[in-house]
Amino acid sequence: MKLVTDTHTLEDVISTLSKSDFVTVDTEFIRESTYWPELCLIQLASPDIAVIVDPLSPEIDLSPLFKLMANTNVVKVFHAARQDVEIIYKLGNIIPTPLFDTQIAGSVCGFGESVSYEQIVERITGEHIDKSSRYTDWSRRPLSDKQLSYALADVTHLRDVYKYLKERLEKNGRTHWIDDEMSILISPKTYIMPNDEAWKRIKGRIRKPRELAVLQQVAAWREQEAKNRNVPRGRILKDECLVEIAIQHPKDETALSRLRSIPKGWEHSGSAAELLKAVQKGLSVDLDNLPTIHKHVATGNGTAAAIELLRVLLKLVADEEDIAPRIIANNDELEKIAKQDHLDTLSAMQGWRYNIFGKKAEKMLNGHLGFYFHNGKILTKEL
């Protein structure tokens, strides 16, 4: 095990890793008390070497690492890559390319949806990963040999997982099946939260355009405040609090103090003053420029039944193809298929998804495909 704590050694390591076709990558970080994740360790492995980089060392500059992440001749392999890529993008303004996510690949190779690293390692290699160091505070120094060994296992076993999944995808002609999910991972938009879009993360019963206008402004204020103070959004105000403010839109400290979700005395703070400015801004927004509030419309009995049958069909196809159902279609797409709504915009009705599921969905909805029960199984039959 090699622990890299200075830039010169990192340069040598990166030079060696860059000669490989692929490098497995993982990070350890903490973000329970911060808006931005704090990077604590970086684990890297090629078929020949495995190292741990200590980004908290005062003697290290991570620029060589970012060069490797940008090297298009080396595939960067992650498991459940999103948070790791977010950290690399935030620190180095670079998204690792080309990128391979073994969790996504596993979902089209029979390992189920969102399979954990421990599960996929055990099923492919037979190795059992010791989880006793999972809740380590990775920001503390020094780290024990046991903790470092645990961290390194996140990339050493990943080498075998990657080679197995890559071979299986190529053998089954499914390499392109994961293109859509991979394209999301390498898009900068995935890791950027513009303040004016922060409201989209908030779940609540917003029914009126004016409520939406206020929610947009107070959510944007909270997002910027969390970034400035580097604290989780909920440390500023909880989501339910923003929803209550959007509905009640208080105009002064007294009105703010009457809200159940506002902490006692908070209305007198400087943050409260800025929040009230955001509320006023929301009250003055031109409602014609707001996005449409989509109201839930109850589906008729026929449509509801069609959705249920589509779910059965999706499960059958997923089992037959040994793929996670979510990779083929989600619930929103099933509802649109049942309603015959903008089918040309649905990924489930295009490409390989259409070939294995979409065609059958069309036949079923047109009365040309049925189900029957035989020997404990549900089967399909063309009518």
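The legends below describe an overview and several close-up views of one predicted model.

Residues are numbered from 1 along each chain as its sequence is written. Because the model is predicted, local features are described only where pLDDT is at least 70 and side-chain atom pairs only at pLDDT 80 or more, whereas totals for chains, interfaces and linings use all residues, and side-chain values use heavy atoms, with hydrogens and water left out.

Figure 1. Helices (H or I, at least four residues) and strands (E, at least two) are DSSP runs, numbered from the N terminus. The C-alpha trace spans about 70 × 65 × 35 Å along its principal axes, and 45% of the 383 residues count as buried, where buried means under 20% relative accessible area, exposed means over 50%, and partly exposed lies in between (1.4 Å probe, protein chains only). The accessible surface comes to about 20,600 Å², and carbon and sulfur atoms account for 48% of that surface; such areas come from the Shrake-Rupley method with a 1.4 Å probe, and for residues only the protein chains shown count as cover. Of the contacts (heavy atoms within 4.5 Å) between residues at least 6 apart in sequence, 63% join residues at least 24 apart.

**Figure 2. Strand S2 and its two partner strands, S3 and S5.** Strand S2 covers residues 22-30, and because seven of its nine residues are buried, S2 is largely enclosed by the rest of the structure. Two strands are said to pair if DSSP finds at least two bridges between them. With strand S3 (residues 38-45), S2 pairs in the antiparallel sense over seven bridges, and within this pairing glutamate 28 stands opposite leucine 41. With strand S5 (residues 75-78), S2 runs parallel and is joined by three bridges, and here phenylalanine 22 has valine 75 as its bridge partner.

**Figure 3. Threonine 27, a buried residue of strand S2.** Threonine 27 has a relative accessible area of 4%, which means that it counts as buried. Its side chain makes a polar contact with the side chain of aspartate 84, at 2.5 Å; a polar contact is a pair of N or O atoms within 3.5 Å, and within protein one atom must be able to donate a hydrogen and the other to accept it, while residues adjacent in sequence count only if both atoms are side-chain atoms. When residues up to four places away in sequence are not counted, threonine 27 touches Leu39, Leu41, Gln43, Asp84 and Ile87.

**Figure 4. Arginine 174 in the loop between helices H6 and H7.** Helix H6 covers residues 145-172 and helix H7 covers residues 179-185, with arginine 174 in the loop that lies between them. Arginine 174 counts as buried because its relative accessibility is 11%. A polar atom of its side chain lies 2.8 Å from the backbone oxygen of glutamate 321. Leaving aside residues up to four places away in sequence, arginine 174 touches Val108, Leu169, Glu321 and Asp322.

**Figure 5. Helix H10, its cover and the residue just after it.** Helix H10 covers residues 239-248, and its buried residues are Cys241, Leu242, Val243, Glu244, Ile245 and Ala246. The cover over these buried residues includes helix H8 (209-229), helix H11 (253-257) and helix H12 (270-283). Histidine 249 lies in the loop between H10 and H11, and although histidine 249 is not a glycine, its phi is positive, at about 30 degrees. With a relative accessible area of 21%, histidine 249 counts as partly exposed.

Figure 6. Most residues other than glycine have a negative phi, and most peptide bonds are trans.
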